[in-house]
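Take a look at the sequence and the model before reading on.

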Amino acid sequence: MIAEPVMYTRINDTHLEALRGLAGAENVTTAQAMLDLHNRDASRHPAGNAEAVIFATDAEQVSRVMAYCNEHRIPVTPWGVGTSLEGNPLARFGGISFSFERMTAIVKVHADDFQVTVQPGIGHKDLNAQLARYGLFFPPDPGANATVGGMLANNAAGIRTVKYGATKDNVLKMQVVLADGRIISVGSRSIKQSSGYDLLHLFVGSEGTLGIITEATLKLVPVPSLMSSVVASFPSVEAAVEAVVAVRGSGLDPAALEFIDARQSALLRDHNGVDLEEAPTLFMEFHAVLPEALDFGLAQVKEICEELGATRIKTTTDNAERAKLWSARHHAFELLQRLHPGQEIYIGDVAVPISAYPDLIGFAEHAIAEAGIKAFMKGHAGDGNIHCEFPFKDEAEFARASHVNDMIVQKAIELGGTATGEHGVGVGKVRHMIREHGASLDVMRQIKYTLDPNGILNPGKIFPE
Ligand SMILES: Cc1cc2nc3c(=O)[nH]c(=O)nc-3n(C[C@H](O)[C@H](O)[C@H](O)COP(=O)(O)OP(=O)(O)OC[C@H]3O[C@@H](n4cnc5c(N)ncnc54)[C@H](O)[C@@H]3O)c2cc1C
């Protein structure tokens, strides 16, 4: 049942001519600049080897290209906008980078159903800008202006996941083109779905290895009328992390609950003008319909934070102040890059059950200190998710960071968590897959073989070779 190692075909002029006929000549390029652009994502993983870039235009075109590539054993790797952090969209074995940059339409807004049907290349920020006039928004927010297709394929999450769920929780239906060119529809527009196997969620998070998403119907929620933000500094990481568990346990339903360590706080204070202490800090956001509900929530959060020894608590309902705060949080990674010129940043991404979060953070702090390396921690604490960010300037430093990160991954798995909370497996997390999944990885391989027997869809990802 398991596929033999596959020999892939290199693209020659005959293939290119055929592909131009199938995809439209204007949608096929081998220009070096375009290849370079599609052979790097936002990670430090080795560049891809795409031999041609094809711009998707519609499901039928994608279907024709897939059928041809399947017949000729040409690898196809979907491409959203390349903001992945684990090498997910890199064409490791050559072939085609199938780009969705031109499929950015909103097909239909079903405002009365709180749904929207979109093409996969639309950026989630662009989508939300257009949905504003309906008073609705698509809540998953990975920070970067990632495409809906890339978010679905990686099951991206972000600062609002604690309230609204990850991308998987906000999709109802998709059109998918299979490796052999068949076009199928999975899921339905009904909120309740209990009909047959849940193929929708098989494709979500599959990183383009099982099929290509050409359309998606997403769930929307009303834009909250009232919002408040809270920033609380704590004397220790332990106290901050305990406050995370306490706020989650209080039933207050935060719309964001983010942790940053003292080093990150100092950077945001010194370089982004955010009024912060150099201390472990929580950023929180709350949504409400009534002002009284917002005030009541804020009072409760203050009480929890004070009880846990918060040294400073700032609350605001001012929109400009709130926007400044969250913009600084969103751009913390870019700031780190700017402050480490000539260096790269290696980003970890593990998640555990919320009760295990204090253990995980304590372990990570200790491992980083023991190794004597520089690292910054920030995370979607409300979901038990933490990113340790390690600046490094050479291979030796990278090896040390990678070793510490592997220890953190192992600990997260021991604590009942996962090697990747939201960035996906790509190539970077492949080595942890057996430890995390054991025998179920064989079942995943069987599913892959059933849907893509020639192994042409995004080869080299998810499974150890
Ligand atoms: C500064 C920064 C901050 C980030 N913060 C977060 C965060 O908070 N949370 C988070 O989850 N992620 C975060 N990310 C990672 C990244 O934004 C997400 O992984 C995102 O989902 C990638 O989307 P993309 O459009 O860039 O897709 P790409 O990187 O182009 O592709 C992602 C994967 O999707 C596949 N794919 C793309 N389109 C399709 C399609 N139509 N059909 C099938 N497969 C497809 C690709 O083959 C690849 O495997 C961050 C990245 C950066 C650079």
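This is a predicted model: local features need pLDDT of at least 70, side-chain atom pairs count only at pLDDT 80 or more; totals for chains, interfaces and linings use all residues.

Residues are numbered from 1 along each chain as its sequence is written. The protein is assigned four domains. The ligand lies between domain 1 and domain 2, because both give residues to the shell around it.

**Domains**

- The assignment lists domain 1 (13–101), domain 2 (106–222), domain 3 (226–334) and domain 4 (340–442). Such bounds come from an automatic or database domain assignment.
- The centres of domain 1 and domain 2, taken over C-alpha atoms, are 22 Å apart.
- Contact joins 17 residues of domain 1 to 21 residues of domain 2. Two residues are in contact if their C-beta atoms, placed from the backbone, lie within 7 Å.
- On the domain 1 side of this contact, α3 (59–72) and β3 each supply at least two residues. The most come from α3, with seven residues. Helices (H or I, at least four residues) and strands (E, at least two) are DSSP runs, numbered from the N terminus.
- That side of domain 1 has eight nonpolar, seven polar and two charged residues. Here Ala, Val, Leu, Ile, Met, Phe, Trp, Tyr, Cys and Pro count as nonpolar, Asp, Glu, Lys and Arg as charged, and the others, Gly among them, as polar.

**Ligand shell**

- Around the ligand there are 36 residues, and G80, G149, G150, A153 and G208 come nearest. A residue is near a molecule or strand if its C-beta atom, placed from the backbone, lies within 6 Å of it.
- By class, the shell has 18 nonpolar, 15 polar and three charged residues.
- At least two shell residues come from each of β3 (76–79), α5 (148–154) and β10 (212–219). The largest share, five residues, belongs to α5.

**Four-stranded sheet**

- An open sheet of four strands runs in the order β1-β2-β4-β3, with mixed pairing. Two strands pair if DSSP finds at least two bridges between them.
- Its edge strands are β1 (28–29) and β3, each pairing on one side only.
- Strand β2 (residues 52–55) pairs with strand β4 (residues 96–99) in the parallel sense, over four bridges. V53 has S97 in β4 as its bridge partner.

**Five-stranded sheet**

- Another open sheet has five strands in the order β5-β6-β10-β8-β9, and the pairing is antiparallel.
- At its edges lie β5 (106–110) and β9 (183–187), each pairing on one side only.
- From one strand to the next, the twist averages 15 degrees.
- Four bridges link β5 to strand β6 (residues 115–118) in the antiparallel sense. I106 stands opposite V118 in β6.

**Helix pair**

- Helix α8 (residues 237–249) and helix α10 (residues 291–307) have axes that come within 10 Å and cross at roughly 145 degrees. Axes are lines fitted to C-alpha atoms, for helices over the stretch in contact, and angles run from 0 to 180 degrees between N-to-C directions.
- The crossing of α8 past α10 is right-handed. A crossing is left-handed if the near helix is turned anticlockwise from the far one by less than a right angle, and right-handed if clockwise.
- A243, A246 and V247 in α8 meet V301, I304 and C305 in α10. This contact has six nonpolar, no polar and no charged residues.
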